[in-house]
Amino acid sequence: MPMKIGTEPFFERVDRSIHDDFMRQAMASAQDRLRGRKLEATVGDDSLIDWELWRNAGEEIRRHTLENLDFYLEQLSESYAARGGHVFFAATAEEANRYIQEVVQKKQAKHVVKAKSMVTEEIGLNEALEAVGCDVLESDLAEYILQIDDHDRPSHIVVPSLHKNKEQIRDTFREKRGYTKSEKPEELAAFAREELREAFLKAEVGITGCNFAVADSGTVALVTNEGNANMVTTLPDTQITVMGMERIVPSWEELDVLVTLLCRSAVGQKLTTYVTGLSPDLEADSVDSPKDYHLVIVDGGRSKALGTEFQSALHCIRCAACVNVCPVYRHIGGHAYGSIYQGPIGAVLSPILGGYEEYGELPYASSLCAACTEACPVKIPLHELLIKHRQRYVSGGGHPKASEKLSMKVFGIGASSPSLFQMAKGMAPAMLSPFTKEKRIEKGPGPMKPWTEIRDFPAPSRDNFRKWFDEHKKKAGDDQ
Amino acid sequence: MKVSLFVTCLSEMFYPHVAKDMTEVLERLNCDVEFPKGQICCGQPAFNSGYLEDAKKAAKQMITAFDGAEYVVTPSGSCAAMFKEYPSMFADDATWKQQAEALADKTYELCQFIVNVLGVEDLGASFPAKATYHTSCHMTRLLGETEAPFKLLSHVKGLELVPLKNNYDCCGFGGTFSVKMVPISEQMVDEKIRHVEETEAEVLIGADNGCLMNIQGRINRQGKRIKVLHIAEILNHQQKGGAEYANENRDGALL
Amino acid sequence: MQGTIQNREGFLNTIAERLGRQRKQSVNKPEWNDQPQFDVYKGATQDQLLDRFKQACEPVHTEVRETSVSELPNQLKETIMDYGSGSIVIGKDQRFVDFGLMPTLKPFDVHEWDIQLGQENIDKAAQANIGISFSDISLAESGTTVFLSDKHKARSINLLPYCSIVIVAKSTLVPRITQAMRIIDQRVKAGETIEPYINMISGPSNSADIEMNLVVGVHGPVKVVYLLVRDC
């Protein structure tokens, strides 16, 4: 399961993460910086008139596109093929990998360079290519760092190496690549530039993901800062783009809005350094463009969300704005989610793509504070989708604890019967008095136990508001 | 103006003095305050845990209880937001949906009601202390109320209100989250308390007893000396005139 | 040459089925309710856009040298010297002739892109110190230069060399990405075949992947300088 990270149970991952001081500090400071930059570039930028209008525009475009997805994908495949490109629709990860293996084998290619792509992580493409004898090199700096560190996994969808510090990176470079300089980011990056430049020049195949495909022009839009995607799409002779099937816009008109939303929300930049529109090249005598173009469109479980209450999860443009404001992510980091998709969108998406068996805990790893919903540039109601997952989970999709089911039943009965509630309220102080000292409970029984593991519980008040209110009213009446 | 109190189950169980303070504040603002006896719990614990059917039972009880109300006012942004959620729960039941919408439309959180409906900001309260304020997530994000509490507190005599770093981050309560995800909740509330301590405030004020129960519970466990108060308690803290009302018959649990 | 399409029907049928309807043969794209993009710097004059463009360059670590049409050759020469001259690569682009820059470039070690030479072009570009190119459309909001690259104005020129010198004519300034994409959109709708590589570049390549520290110059150019020509 390439989407899955690690095999430990959820709470063990959480436990390990919250004891990783560097990682925690890195997550918190990254969040604070990314959040600040995003605010400055969005609600704080007066030239945009009103950021809410942009969010509305983004939402409307995404909704329309997903509602008509079959049409736009058909249009994309026609326009891409009309320019000489080859389109392969892959219902599953296996189909996508098999097709790409065949392309690479037909070229007798040995060297593949990749630009950062979540969907290729999701389908486990690197392993598939290595299995047919290819040498695959990640060219995004963060992905490169992870790859040479024995294939460490991403902890953030935009900055995958966020959990590593520069000393760790230096040591990895030394050990694996014979690096001799210091832990200064400039020197580390310069070293990677040299190493990768050679790789770009000798690679036969370049593989990228796709930020947005433009349906009517047959274009793949790539949004990056490092320029590695440009290298990957310039030097190798064969170009393969892998896209999640929902990453599509009708035309360049909508691309404008979505690129604006993406750059500003992800990194707080007006535009990233490179925004590139790549379309298959008809001109055979062009020197520095690939000769052969392939577009692999992956379903991989996405269609399960269509026509359901989760359809809007497919509106996601992978900016990680929700991740950057999530207080849970802040404390447990990316790896604890056990999925390459972390944070609120990861908690929504992973169970859709990978099922409740693997990812059933994730929808509960949220306090429903709605910071994600507020941050999302295309207005996905993320916290509401988390509740919908919980509804599905308890009504047959997953395995809720029997005790929880029972207590909710009791809740339902209690919460619809004033007399029962009053009786319980009246009895509570006495029932809990053995556990109570100085008006607080430090070790609660039954369902109170997890609460009192870390905090005190207030002792139920013996005071009765209803009684007070009646007397208070009566007194006010008497006074008049 | 007739106001129906929705005091919340947490207040009734643990913080009746907050309900009393709220009553007195509203009465002083010439509201005709009533307490519908059929009210229990808004159903949020069940709803947020995915138990829609059980939550609906609670919702129906509340819709019925507040049927005749003109305004429904509650000392909790989170519970007010839950009322606003009711119409979505009855999407396939036109009768209940209509009633749910009527209830949602007339429901206000306390600060919101005072500032936006009554148009009052200065309640003549006095509370000489250095304090900071916890902006609850549901109040700010689901109700969209970010200003009313600050307007009210700005008029409280003697109160020095200092900003709280990362005030937008959740305190780690999240209803059942606090018991289902204990280790994560613990980290969240600890960071919140660290930020509160950094302000050197003596008092932490909030407008939601859920958050306050969580923060206060952790503060007590750690033996720290920060007072945690609901905003209704501050607003009902009168210098004069209101003295006969204030602190009448107080037997609070923790706050 | 027409490309191929595989596995499409079943894939799209599944989508339509999930969406609970038949496959769509046509879609009427609505007029979007909110279009704030057209109001950004609406009605700004070319001079205002010029100011905005210059302001936007600083945060993207790009030096701007403003010049006139007549001064451009000298300014280019000076800039080349300041950035260490060495080997230079340029595209086969009529604008070098139109702006009278060929004599200026002559004394330097310049390689002009020539598709007849094949791979040699790439080798030259990869070793070059400087690449010189013209911005086709320039975006005031973000300090961005847009390149509609083709086989003669090759994409390698502003990608592989260590420094990228870009000549930005004031007449090419538009408010933002909106206007650039609209130009492209209209060409697509008119049935034109757009360039295979449309690159919008804002400054030198960079990365914040190591502890969120900004490093300027990763895979693309390490330095970018704009020669802003007041041609209108």
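**Close-ups of a three-chain predicted model**

**View 1. Around A:Val298.** Leaving out residues up to four places away in sequence, A:Val298 touches A:Ala90, A:Ala96, A:Val119, A:Ile123, A:Val242, A:Met243, A:Gly244 and A:Met245; touching, or contact, means C-beta atoms, placed from the backbone, within 7 Å. This is a predicted model, where local features need pLDDT of at least 70 and side-chain atom pairs count only at pLDDT 80 or more, while totals for chains, interfaces and linings use all residues. Residues are numbered from 1 along each chain as its sequence is written, and chains are lettered from A in the order in which they are written.

**View 2. The largest nonpolar core.** A:Val298 is also among the core members that touch the most others, along with A:Val112, A:Leu258, A:Val296, A:Ile297 and A:Cys322. The core has 294 residues: buried Ala, Val, Leu, Ile, Met, Phe, Trp, Tyr and Cys joined through C-beta atoms within 7 Å, buried being 20 or more other C-beta atoms within 10 Å.

**View 3. Where chain A meets chain C.** Here 87 residues from chain A come up against 72 from chain C. Helix α4 (residues 69–82) of chain A gives the most to chain A's side, with 9 residues.

**View 4. Strands across the A–C contact.** Strand β9 (residues 274–278) of chain A runs antiparallel to strand β10 (residues 197–201) of chain C, joined by 5 bridges; pairing takes at least two DSSP bridges. A:Leu278 sits opposite C:Tyr197.

Methods
Buried ≥ 20, exposed ≤ 12 C-beta atoms within 10 Å, placed from the backbone. Contact = placed C-beta atoms within 7 Å. Helix = DSSP H or I, 4+ residues; strand = E, 2+ residues; numbered from the N terminus.
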